[in-house]
Amino acid sequence: MVAPTPYVHFPGTARDALGFYAGVFGGEVELNTFAEFGRTDGPADAVAHGGLTGGPVTLFCADAAGEERPLRCEGLMLSLLGTTEPATLRAWFAGLARGGRVVDDLQERPWGAWDGQVVDRYGLHWLIGFEP
């Protein structure tokens with residue numbers, strides 16, 4: 001199955017963000033710096049391309065440079081609805097909430113499903129939920 005993979009331009013925080021997401025979801029962090037790619041439009045140690053792969057969530061990113069605009073997340077949520085066991089989804093919600101902002105707590109809804117929303121410390125808006 002083919003699915004879109006988010007590619008985020010962070011405002012100089014790509015390295016930290018990938019480490020954070022690896023701590024929440026697992027997986028492997030891969031980084032290439034501006035220096036490694038021969039780029040001179042930003043700091044040599046800035047992330048020119050990075051990724052979180054090999055785990056349940058795949059994410060690519062870079063540090064914004066030059067005319068690139070950094071992430072500003074409005075009107076978009078990354079959805080993890082029913083993607084794994086409820087205990088894992090609860091742990092992911094709690095992990096993403098550390099240093100972030102809970103928009104709508106993970107809770108049972110009148111129709112029996114559970115869901116909640118959180119904006120993590122790097123600005124990504126997540127919708128997490130499951131049906132028992």
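User: What percentage of the 132 residues in the protein is buried?
Analyst: The model is a predicted one, and burial here means a relative accessible area under 20%. Judged in that way, the buried residues of the 132-residue protein make up 38%.

User: How many helices and strands does the secondary structure come to, and in what order do the elements run from the N terminus on?
Analyst: The secondary structure of the protein comprises two helices and eight strands. Read from the N terminus on, these elements follow the order β-α-β-β-β-β-α-β-β-β.

User: Among contacts between residues at least 6 apart in sequence, what percentage joins residues at least 24 apart?
Analyst: A contact requires heavy atoms within 4.5 Å. Among such contacts in the protein between residues at least 6 apart in sequence, those that join residues at least 24 apart come to 51%.

User: How far apart are the mean positions of the positive and negative charges, and how many salt bridges does a search of the whole structure find?
Analyst: The protein carries 9 positive and 17 negative charges, and their mean positions are 5 Å apart. Side chains of opposite charge can pair when their charged atoms come close. For salt bridges, a search of the whole structure gives a total of four.

User: Are D41 and R39, whose side chains meet in a salt bridge, buried or partly exposed?
Analyst: The side chains of D41 and R39 meet at 2.8 Å, N to O. D41 has a relative accessibility of 39%, whereas the value for R39 is 24%. Because the class in between runs from the 20% limit for buried to the 50% limit for exposed, D41 counts as partly exposed, and R39 likewise counts as partly exposed.

User: D63 is buried yet has no salt bridge; which backbone nitrogens does its side chain reach?
Analyst: D63 is found in strand β4, and the nearest side chain of opposite charge, R15, is 6.3 Å away, whereas a salt bridge needs the atoms within 4 Å. Leaving aside neighbours within four places in sequence, D63 is in contact with residues including F10, T13, F34 and E68. A polar atom of the D63 side chain lies 2.9 Å from the backbone nitrogen of A14, and the side chain also reaches, at 3.4 Å, the backbone nitrogen of G12.

User: Where is A64, and which residues does it touch beyond four places away in sequence?
Analyst: A64 has its place in the loop between β4 (59–63) and β5 (78–81), and with 23% relative accessibility it counts as partly exposed. The C-alpha atoms of A64 and G99, which are 35 residues apart along the chain, are separated by 22 Å. Not counting residues up to four places away in sequence, A64 touches H9, F10, R69 and P70.

User: What distance separates the C-alpha atoms of H9 and A48?
Analyst: H9 lies in strand β1, residues 7–10, and is partly exposed, with a relative accessible area of 27%. Not counting residues up to four places away, H9 touches A62, A64, E68, R69, P70 and L71. H9 and A48 are 39 residues apart along the chain, and their C-alpha atoms are separated by 9.7 Å.

User: With which side chain does the side chain of H125 make a polar contact?
Analyst: H125 has its place in strand β8, residues 125–130, and is buried, with a relative accessible area of 17%. Apart from neighbours within four places in sequence, its contacts include C73, L76, M77 and V103. At a distance of 2.8 Å, the side chain of H125 makes a polar contact with the side chain of Q117.

Key: Residues are numbered from 1 along each chain as its sequence is written. This is a predicted model: local features need pLDDT of at least 70, side-chain atom pairs count only at pLDDT 80 or more; totals for chains, interfaces and linings use all residues. Side-chain values use heavy atoms; hydrogens and water are left out. Buried means under 20% relative accessible area, exposed over 50%, partly exposed in between (1.4 Å probe, protein chains only). Lys and Arg count as positive and Asp and Glu as negative; His and the chain ends are not counted. The place of a charge is taken as NZ of Lys, CZ of Arg, CG of Asp or CD of Glu. A polar contact is a pair of N or O atoms within 3.5 Å; within protein, one must be able to donate a hydrogen and the other to accept it, and residues adjacent in sequence count only if both atoms are side-chain atoms.
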